[in-house]
Amino acid sequence: MHVQFEITTRCNFQCFYCTGRDFVQGDMEYRDFNRILDAHVERYGVPEIVSLQGEGEPTLHKHFFKMAAKVRELGSVPTTITNGTYNHPEHFLENFESVGVSVDTLNELTAKRIGRYNLPKVISFIETLSKDIRVWVITVAFTKEVPAVRRFCQERGLHHVVQPLQSKPDYAYRYPNLQRSSRVRKGGFWCRYIAYPLPRHYAMDATELPCCYIKDLTLYNGIKEMAAQAAKGTTPNVCKGCLFGQRLMNRWGPDPDPGRNDGVVSIVVGLFAQKKRQSHIWLCLRCLMTQVF
Ligand SMILES: C[S@@+](CC[C@H](N)C(=O)[O-])C[C@H]1O[C@@H](n2cnc3c(N)ncnc32)[C@H](O)[C@@H]1O
Ligand code: SF4
Ligand code: SF4
């Protein structure tokens, strides 16, 4: 099981697409983190991976590395996604085997415009850390500069994940002019996050969620209620507009109804992308297909 903790909502960046900038700004107390983690272990067992990140910059939490050490102690693998501005990359070496760093563009002006400041520092963070541990780069694809980031990663042997802007209203109100239409496929709702008790996301206020994409908690009635709606093929209220609640977006996990016409195409594309070890091809084609089919 993959568990995620939103340990902070604070950030030193102002990415225009980040819904966290509108959240109450604060940190999860270390004792709450411990309590939730222990309760999680008691209920579901020791998670394989614990990711310390939500809609804030995790390295701003004063107990970030203490939390990572606690995760290790438990027998889980700590991981995180950071904006790459932490001053001491060497501090990651003790407890992290891999770290994700967000880079949307290599153009300093564009980065600043997005709200991702101090690009040279981020690049230097990646170059220093990747000498010792596995660094993967995450790019939100909304500029034409993705190929340059891809080349940067290829040259350094870094894994590159490209993701589209989230189309859920919880996020998309931040970028009304960039919003993609999110089409719900015929055949009903299905999302692996609900179909299988795979991940859990603990929001800063300790709310237990099935994934990290539910930001408007006013509509949230709990995982059981979501599962009940999903079992009827109805899209749960909190999932409306989500890119991942569509069959085509769920080829990462087993599909209970694999005999659908999108299966062959996406399996072939998936195998091709896996062979090439280029997840961005897979993601881009998946998004494209979501629009086409
Ligand atoms: C929420 S951030 C938190 C970690 C850290 N502050 C960072 O930016 O890397 C985690 C990842 O989500 C991505 N992200 C944030 N808002 C998004 C959105 N509206 N659509 C798609 N990805 C988004 C960020 O670019 C980042 O790669
Ligand atoms: S760096 Fe991360 S948390 Fe900060 S504003 Fe950007 S996406 Fe949000
Ligand atoms: S459809 Fe989206 S919001 Fe709903 S459970 Fe799946 S990933 Fe989460």
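**Entry 1. The mixed sheet**

I began with the open sheet of 5 strands, whose order is β3-β2-β1-β8-β9 and whose pairing is mixed. I then looked for its edges. They are β3 (77-79) and β9 (208-209). Each has a single partner strand, so one side of each lacks a neighbour in the sheet. I note here that the model is a predicted one.

Next I checked how β3 is held. Strand β2 (residues 49-52) pairs with β3 in the parallel sense, over 3 bridges. I picked V50 and looked up its bridge partner in β3, which is P78.

**Entry 2. The parallel sheet**

I moved to the open sheet of 4 strands. Its order reads β4-β5-β6-β7, and the pairing is parallel. β4 and β7 are the edge strands, pairing on one side only.

I went through the pairs that involve β6. Strand β5 (residues 98-102) and strand β6 (residues 134-140) run parallel and are joined by 5 bridges. Within this pair, G100 has W136 as its bridge partner in β6. V101 stands opposite V137. I kept the general rule in mind: side chains in a regular strand alternate between the two faces of the sheet.

On to β7. Strand β7 (residues 159-163) pairs with β6 over 5 bridges, again in the parallel sense. I found I138 opposite V161 of β7.

**Entry 3. R134**

I stayed in β6 to look at R134, which has its place in that strand. Buried would need 20 or more, and exposed 12 or fewer.

I then listed its contacts beyond four places in sequence. They are E97 and S98. I also took the distance to G100. R134 and G100 lie 34 residues apart in sequence, yet their C-alpha atoms are 8.6 Å apart in space.

**Entry 4. The nonpolar core**

I turned to the largest nonpolar core, which has 50 residues. Which members touch the most others? They are F5, I7, L52, M67, V101 and C191. The largest share of this core comes from helix α4 (residues 119-129), with 5 residues.

V101 stands opposite V137 in β6. L52 is touched by F5. I wrote out the list for F5, leaving aside residues up to four places away in sequence: M28, F33, V50, L52 and Y202. V50 on that list is the residue whose bridge partner in β3 is P78.

**Entry 5. Ligand 1**

I counted the residues around ligand 1 and got 16. The closest are Y17, S102, I138, Q166 and Y171. Which elements give two or more residues to this shell? β4 (81-82) and β6 do. By class, the shell around ligand 1 has 8 nonpolar, 6 polar and 2 charged residues.

**Entry 6. Ligand 2**

I listed the residues around ligand 2. They are C11, F13, Q14, C15, C18, G20, R21, E55, G56, E57 and N83. This shell divides into 4 nonpolar, 4 polar and 3 charged residues.

**Entry 7. Positive phi**

Most residues other than glycine have a negative phi. N118 has a positive phi near 50 degrees and is not a glycine. Where is N118 found? It is in the loop between α3 (108-114) and α4. N118 has 17 C-beta neighbours inside 10 Å and therefore counts as partly exposed.

A206 is also on my list, with a positive phi of about 80 degrees, although not a glycine. I placed A206 in the loop between β8 (200-202) and β9. A206 counts as partly exposed because it has 15 C-beta neighbours inside 10 Å.

**Entry 8. Overall tally**

The protein has 10 helices and 9 strands. Of its 293 residues, 36% count as buried. Among contacts with a separation of 6 or more, 66% are between residues 24 or more positions apart.

Technical notes. Residues are numbered from 1 along each chain as its sequence is written. Chains are lettered from A and ligands numbered from 1 in the order in which they are written. This is a predicted model: local features need pLDDT of at least 70, side-chain atom pairs count only at pLDDT 80 or more; totals for chains, interfaces and linings use all residues. Two strands pair if DSSP finds at least two bridges between them. A residue is near a molecule or strand if its C-beta atom, placed from the backbone, lies within 6 Å of it. Ala, Val, Leu, Ile, Met, Phe, Trp, Tyr, Cys and Pro count as nonpolar, Asp, Glu, Lys and Arg as charged, and the others, Gly among them, as polar. A nonpolar core is a set of buried Ala, Val, Leu, Ile, Met, Phe, Trp, Tyr and Cys residues joined through C-beta atoms within 7 Å. Two residues are in contact if their C-beta atoms, placed from the backbone, lie within 7 Å.
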